[in-house]
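Here is my note on the model, for a first look. Please keep the 3D view open while you go through the points.

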Amino acid sequence: GVVFKNHSRYFAPFWDEPDEPIAANVETLRNWAADGAQIIFMTARPEAHRARTESTLRQLGLEPHALVMDCRHGRRFLVNDHAATNPAPSAVAISMDRDSATLGDQLRDWR
């Protein structure tokens with residue numbers, strides 16, 4: 001529900017149906033990548049959908065640093081260390097409404 005409109009194992013649209021990109025969020029991610037962001041994608045989609053998911057991301061101009069599949073629905077935690085040698089926070093995490101096009105607003109000042 002961040003890069004593509006939500007799909008599901010249990011109800012339409014299903015995981016094997018064509019993905020519907022959320023254009024504003026895709027553009028935000030492309031801009032961040034162009035500015036040097038390393039993007040790791042996480043999804044509840046099963047491993048069987050990896051090739052199609054990677055292909056669709058690349059068609060949108062998104063090159064994942066990593067793609068983590070089979071994530072359970074529930075709380076996810078981003079944990080990273082921090083040191084004085086890095087002037088920026090080492091890790092940032094957000095939760096946003098599913099299928100919203102507000103990613104750019106969520107992390108406007110990420111640099």
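1. Start with one term. Buried means under 20% relative accessible area, exposed means over 50%, and partly exposed lies in between, with a 1.4 Å probe and protein chains only. Asp 70 shows how this works: at 44% relative accessibility, it counts as partly exposed.

2. Know what you are looking at. This is a predicted model, in which local features need pLDDT of at least 70, side-chain atom pairs count only at pLDDT 80 or more, and totals for chains, interfaces and linings use all residues. Residues are numbered from 1 along each chain as its sequence is written, and side-chain values use heavy atoms, with hydrogens and water left out.

3. Overall layout. The protein chain has 3 helices and 2 strands. Both are DSSP runs, numbered from the N terminus: helices are H or I with at least four residues, strands are E with at least two. Reading from the N terminus, the order is α-β-α-β-α. The radius of gyration is 15 Å, close to the 13 Å that the globule rule gives for 111 residues, so the protein chain is as compact as a globular protein of that length. That radius is taken over C-alpha atoms, and the rule is 2.2 Å times the number of residues to the power 0.38. Along the principal axes, the C-alpha atoms fill a box of roughly 45 × 25 × 25 Å.

4. Of the 111 residues, 30% count as buried. A contact means heavy atoms within 4.5 Å. Take the contacts with a separation of 6 or more: residues 24 or more positions apart account for 58% of them.

5. The core. Which residues touch the most other members of the largest nonpolar core? They are Val 3, Leu 29, Phe 41, Leu 57, Leu 60 and Leu 62, out of 15 residues in this core. Helix 1 (residues 23-34) gives the largest share, 3 residues. A nonpolar core is a set of buried Ala, Val, Leu, Ile, Met, Phe, Trp, Tyr and Cys residues joined through side-chain atoms within 4.5 Å. Look at Leu 29 in particular. Not counting residues up to four places away in sequence, Leu 29 touches Val 3, Ile 39, Phe 41, Leu 62 and Leu 103.

6. Side chains of opposite charge can pair when their charged atoms come close. A salt bridge here is a side-chain nitrogen of Lys or Arg within 4 Å of a carboxyl oxygen of Asp or Glu. The count comes to 6 by this rule. Asp 19, Arg 45 and Arg 52 are linked in a network. Arg 45 meets Asp 19 at 2.6 Å, N to O. Arg 45 lies in the loop between strand 1 (40-42) and helix 2, and Asp 19 in the segment before helix 1, so this pair ties together parts 26 residues apart in sequence. Asp 19 also meets Arg 52, at 3.1 Å, N to O. Arg 52 lies in helix 2, so that pair ties together parts 33 residues apart in sequence. Are these residues buried or partly exposed? Arg 45 is buried at 5%, Asp 19 is buried at 15%, and Arg 52 is partly exposed at 28%.

7. Around helix 2. Thr 56 lies in helix 2 (residues 50-59). At 15% relative accessibility, Thr 56 counts as buried. A polar atom of its side chain lies 2.9 Å from the backbone oxygen of Arg 52. Leaving aside neighbours within four places in sequence, Thr 56 contacts Phe 4 and Asp 19. Arg 50 forms a salt bridge with Glu 54, with the closest N and O atoms 3.4 Å apart. The two are 4 residues apart in helix 2, so about one helical turn separates them. Arg 50 is partly exposed at 22%.

8. Backbone points to check. Most residues other than glycine have a negative phi, and most peptide bonds are trans. A cis peptide bond joins Ala 12 and Pro 13, with omega about -5°. Pro 13 sits in the segment before helix 1. Asp 70 has a positive phi of about 60°, and Asp 99 has one near 65°. Asp 70 is in the loop between strand 2 (66-68) and helix 3 (103-106). Asp 99 is in the loop between strand 2 and helix 3, and is partly exposed at 26%.

Definitions and conventions: A polar contact is a pair of N or O atoms within 3.5 Å; within protein, one must be able to donate a hydrogen and the other to accept it, and residues adjacent in sequence count only if both atoms are side-chain atoms.
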